[in-house]
Amino acid sequence: MAAGKALEVYLDLLSQPCRAVLIFLKHNNIPHTVKTVAIRKGDNRTPEFTKLNPMQKVPVIVDHGFVLTESDAILKYLATQYKTAAHWYPQDPERRARVDEYTAWHHTNTRPRAAKVFMLEVLLPRMTGQAPDPSKLERALTELDETLDKLESMFLKRQPFLCGDDISVADLLSICELMQPLGAGRDVLKDRPKLLSWRSRVQAALKNTFDEVHEILYRLQDKSRSRL
C-alpha cells in the first residue's frame with residue numbers, strides 16, 4: 001500500500017450504510033479520518049462532494065487516491081485491502097459466496113424495507129409536519145415482516161450469524177438497517193427471539209463500537225419516547 005495520509009471516509013451517521021462502514025473501521029483499528037457530510041444540510045450536493053461522487057450519496061472512501069462508493073463494495077474492499085480477520089469476508093470461495101449471496105439479496109429486501117419504515121415514521125413527518133399515514137405504515141411493516149421471516153428461515157436457519165459461524169460484513173450491513181426504525185422508538189425485532197439472539201451476538205462481537213456508532217440513533221429514540 002502506498003504511503004500517505006490515512007484513509008478518508010465521508011459519512012452521515014444517520015445513514016445506515018455509513019454506520020456499518022464506521023463500525024468496521026473502528027472495530028478493526030483501520031486508521032481513518034472522518035469527513036462529515038450532513039445530508040439534511042445538503043452537503044452531498046456541493047460541487048466538491050459531487051466531484052467526488054456524482055451520485056451524491058454516502059458513504060465514500062478515498063484511500064491514497066482510490067475513490068470508492070457503495071457500502072457493500074467499501075466493506076469488502078476494506079476487508080481485503082487491510083487484511084482483516086478472515087471471517088469478515090472469507091477467502092474460501094463457498095464461504096465468500098454465502099456473504100455475496102446475502103449482500104445481493106440485502107439491497108432489495110432488508111435495506112429498502114427497514115428504511116421505508118424509518119422514512120414513514122421519522123423523515124416524512126419531520127419534513128411535512130404531518131403524522132405518518134397509517135395505511136402506508138401498515139403496508140411497510142408487513143413487507144418488513146416478510147423480510148424478517150426470510151432472515152430467520154433462510155439465513156439464520158442453522159447458524160448463529162447470517163453467513164456462518166462467525167460475524168461477516170453481511171451481519172454488519174443487516175443489523176445497521178434493522179436498527180434504523182429505533183429512531184422512531186420502534187424495535188422491529190422485539191417479538192422475534194431468534195433475531196434478538198442474533199442481534200445480541202452481533203453486539204457482543206462488536207463490543208463497545210456498536211453502541212458508540214449508534215449513539216446518534218439512540219438520541220433519536222430518546223426524543224421519540226419523550227414525545228409519547
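So, R111: with a relative accessibility of 27%, it counts as partly exposed, meaning between the cut-offs of under 20% relative accessible area for buried and over 50% for exposed, using a 1.4 Å probe and protein chains only. Its partner in a salt bridge is E177, with the closest N and O atoms 2.6 Å apart. By salt bridge I mean a side-chain nitrogen of Lys or Arg within 4 Å of a carboxyl oxygen of Asp or Glu. E177 sits in helix α7 (residues 169-179) and R111 in helix α5 (residues 110-128), so this pair ties together parts 66 residues apart in sequence. Helices here are DSSP runs of H or I with at least four residues, strands are E runs of at least two, and both are numbered from the N terminus. E177 itself is buried, at 1%.

Quick word on the model: it's predicted, and local features need pLDDT of at least 70, side-chain atom pairs count only at pLDDT 80 or more, while totals for chains, interfaces and linings use all residues. Residues are numbered from 1 along each chain as its sequence is written, and side-chain values use heavy atoms, leaving out hydrogens and water.

How many salt bridges does the structure hold? There are 12. Another one joins R113 and E146, at 3.5 Å from N to O. R113 is in α5 and E146 in helix α6 (residues 134-155), so that pair ties together parts 33 residues apart in sequence. R113 is partly exposed at 21%, and E146 is too, at 39%.

Then there's E121 with R186, at 2.8 Å between the closest N and O atoms. E121 is buried at 18%, whereas R186 is partly exposed at 26%.
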